[in-house]
Amino acid sequence: MAYTLRGTRFDRFITWREAHISDKSFTIFIALLIGVFASIAAFVLHWLIDTIRGLLMLNIAKSELNWMYLVYPVIGIILTMLFVKYVVKDKISHGITRVLYAISTKNSLIRAHNTWTSVVASGITIGFGGSVGAEAPIVLTGSAIGSNLGRLFRVDMKTMMVLVGCGASAAIAGVFKAPIAGLVFTLEVLMIDLSMASIVPILISSVTATCFTYVLVGETNLFTYITVQPWGVERVPANVLLGVFLGLVSLYFMRSMNACEKLFAVIRKTRYRLLLGGVALSALIFFFPSLYGEGYSAVNILLSGADNDGWGTLMRGSVFQHGNNLITYVFLVVVFKSLATASTNGAGGCGGTFAPSLVVGGFAGFLFSRVWNAYGLGIGLSEANFTMLGMAGVLAGVMHAPLTGIFLIAELTGGYAMFMPLMIVCVVTVLTISVFEKHSIYAIRLAREGKLITHHTDKSVLTLMNLASVVEHDYTTITPDLPLGKLVGKLSEAQIGYFPVVGTDGSLIGEVDMNTARHVIFRSELYTRFTVRQVMTRPRVTVGNNDAMADVMAKFEENNVEYIPVVDVNNVLEGCISRRRVYSLYRKMVADFSDE
């Protein structure tokens, strides 16, 4: 009874809102709420990570080889697996990819549990030393907050997409205190359409989240950076070469991640994935303590422009801590970070690749400048500056998002004086990796399945169109032995002039289209002499029930047909698609999608 009453009151509120508050104003109000909730979620996640890590570090001697690194990450992964299996009972990995998938194929609907489950799961994984990032899970959390608030207030599909973008931008802004980076991340990576209707609420969410984060955690930043060496035009060649190098590093990062994911995907048994991933992760962290957790503390050492004592701190606790092994150590961290990240997720942990790309970029930028200076390849380079540039470059490369790399690192480090080299490095990095990879690390899985929304309105509409929504079932099937006279009799009952011909097992064996068979069907002298078998034709084209709408539209254009049958993997007829209906829906969605 109480539930009905609450529902009735809420319905009255919705009715009142629609009558007194415009959709634009109410969207801005929801964007404010999203910014507040996303910043709180980011604060809780980092508090959870720091609390777990602080408790575990009490038993680790920093000056010795850390044997506990062999144990802690595996414990964290096991706890995460138990939480996901018995509490969540749903997949929560690949946070940003799941947001892209929700936008592309599910009308931006994200399950309610994603507003908190990713926070808990990734907090456990990273707190215990999993070599992944917290940003992708918090982006999923923020997007889920936006999606569920939109569903609660019953907004339309286009507004729902904007609210999901608000949640993602608020999450990035809340984590990094970088409101502009939050905005451009949503526009570049999630590919929300660039219009005033989307920019204003997204920016409001970003600014709100940033302000509340300052209230919750104060003035401290994730990274500490001071511009060591002012930029000059004489450094352009080094910046360009760094961009090319980072493009290749980004390519390696993506390819190695994908290869490891495929390896873990073919292992069916959970315990075997845990064994392989746990052993690999523990061994890597044992030899390279910089791979423990997100790795931001190691990047801060590189950004500080430390001396030999600082580099000793970086390698402390590893087998490389004695001797002049800095370049070797840094190079191997660049090589193995992606493997450690893939092993964490493959074994059953929860986390993203956002932070790992920053760490790999920071180490790669430092490596480039260190080798450059060591071999006297040109004008001396600031290793701290190039660490920062490396972070921006690899982030931009793996995400195919140069603006995100530029503004995030500029806001994150306060390195606004480095805008020119940031732009050069990020653009060259993206151009380099684009030669080999067309899509970002988040979008590549969906792109291969034809489920990726883009900034192109026509392609976006085709992605959003659902094949199931255009499949027709109001048609008449016939058998090949049906006399022609009886087929003519069925014309008065049929809704469409298209008759699929099926066998006894329901498989499609032919078709009769009244537009092409009219000259035979209406010859009355053939009614008793001919059967359907004499007038049917082989299907010119078919589509599968999982085909992308872009492929369906292409088949209509290439074959110039009015109907296409839909079959399953066994060629059993499941329906048909009308050209007229598909194009009518397409034109309507283009108009709705483009309407401000």
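Arg370 forms a salt bridge with Glu383, with 3.3 Å between the closest N and O atoms; a salt bridge here is a side-chain nitrogen of Lys or Arg within 4 Å of a carboxyl oxygen of Asp or Glu. The pair links distant parts of the chain, 13 residues apart: Arg370 is in helix α15 (residues 354-374) and Glu383 in helix α16. Helices are DSSP runs of H or I with at least four residues, strands are runs of E with at least two, and both are numbered from the N terminus.

Before going on, the basis. This is a predicted model, where local features need pLDDT of at least 70 and side-chain atom pairs count only at pLDDT 80 or more, while totals for chains, interfaces and linings use all residues. Residues are numbered from 1 along each chain as its sequence is written, and side-chain values use heavy atoms, leaving out hydrogens and water.

Back to the pair. Arg370 is partly exposed, at a relative accessible area of 21%, and Glu383 counts as buried at 16%. Buried means under 20% relative accessible area, exposed means over 50%, and partly exposed is in between, with a 1.4 Å probe and protein chains only.

The structure holds six salt bridges. Another one joins the side chains of Arg255 and Glu437, at 2.7 Å from N to O. Here 182 residues separate Arg255, in helix α10 (residues 236-265), from Glu437, in the loop between α18 (419-434) and α19 (444-448). Arg255 is partly exposed at 41%, whereas Glu437 is buried at 8%. Asp547 and Lys555 also meet in a salt bridge, at 3.6 Å from N to O. Asp547 is partly exposed at 27%, and Lys555 is partly exposed at 22%.

Next, cavities. A cavity is a set of points on a 1 Å grid over the protein atoms alone where a 1.4 Å probe fits but cannot get out, and its lining residues have an atom within 4 Å of a point. Grid points are joined across faces, edges and corners, and the volume is the space filled by probe spheres set on the points. Searching the whole structure gives two cavities of 30 Å³ or more.

Now the strands. Two strands pair if DSSP finds at least two bridges between them. What is the strand order of the open sheet of four strands? The order is β1-β6-β5-β4, with mixed pairing. β1 (471-472) and β4 (543-544) are at the edges with a single partner strand each, so one side of each has no neighbour in the sheet. β1 pairs with β6 (residues 573-578) in the antiparallel sense over two bridges, and Val471 stands opposite Ile577.

Elsewhere, β2 (residues 498-502) and β3 run antiparallel and are joined by five bridges, with Tyr498 opposite Asp513 in β3. The two form a hairpin with five residues between them, and Gly506 in the turn has a positive phi of about 85°. Strand β3 (residues 508-513) is mostly covered, with five of its six residues buried.

Last, helix α12 (residues 296-303). Six of its eight residues are buried, among them Tyr296, Val299 and Leu303.

Key
On a 1 Å grid over the protein atoms alone, a cavity is a set of points where a 1.4 Å probe fits but cannot get out, and a pocket is an open set with protein on both sides within 12 Å along at least five of seven lines; lining residues have an atom within 4 Å of a point.
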